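Here are my notes for you on this fold. Have the structure open while you go through the points.

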Amino acid sequence: MNMYIGNLSYNVREADLREVMEEYGTVESVKLIVDRDTRRSKGFAFIEMPETSEAKRAIEELNGATYEGRPMVVKEALPRN
DNA sequence: GTTGAGCGT
């Protein structure tokens, strides 16, 4: 399942996100979106979890949870197009 | 600061 993680603090790194998500299951990939020019985080990321049941649990547990001082959004990602 | 990059793999 592909997930969208939003409202992240700019100091969160991909490795941080992976650690958090792995509390709920296997994480296939983590993609923190960073501005190509400034190298600054855009504050959102995409995480792929092979096991949908684990992904859904992560969404339930982490959506709205405060992380690095911000209530993060965790939900299924929109199709990329 | 809220739905993806790359610049040719």
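1. Start with α2, which lies across β1 and β6 and runs at about 150° to β6. Keep in mind that you're looking at a predicted model.

2. Now find the other helix, α1. This one lies across β1, β2 and β3, and its direction makes an angle of about 140° with β2.

3. Next, the sheet under those helices. In what order do the four strands of the open sheet come? Reading across, you get β2-β3-β1-β6, and the pairing is antiparallel. β2 and β6 (73–76) each have a single partner strand, so they stand at the edges with one side lacking a neighbour in the sheet. From one strand to the next, the twist averages 20°.

4. Zoom in on β1 and β3. Four bridges join this antiparallel pair.

5. On to the inside. Nonpolar side chains tend to be buried together in soluble globular proteins. Here the largest nonpolar core has 22 residues, and Met3, Ile5, Leu17, Met21 and Ile47 have the most contacts inside it. Two or more residues each come from β1 (2–6), α1 (14–21), β2 (29–34), β3 (41–48) and α2 (52–62). Which element gives the most to this core? That's α2, with four residues.

6. Finally, click on Met21. Leaving aside residues up to four places away in sequence, Met21 touches Met3, Ile5, Val27, Ile47, Met49, Ala58 and Leu62.

Conventions: Residues are numbered from 1 along each chain as its sequence is written. Chains are lettered from A and ligands numbered from 1 in the order in which they are written. This is a predicted model: local features need pLDDT of at least 70, side-chain atom pairs count only at pLDDT 80 or more; totals for chains, interfaces and linings use all residues. Side-chain values use heavy atoms; hydrogens and water are left out. A nonpolar core is a set of buried Ala, Val, Leu, Ile, Met, Phe, Trp, Tyr and Cys residues joined through side-chain atoms within 4.5 Å. Buried means under 20% relative accessible area, exposed over 50%, partly exposed in between (1.4 Å probe, protein chains only). Contact means heavy atoms within 4.5 Å. Two strands pair if DSSP finds at least two bridges between them. Axes are lines fitted to C-alpha atoms, for helices over the stretch in contact, and angles run from 0 to 180 degrees between N-to-C directions.
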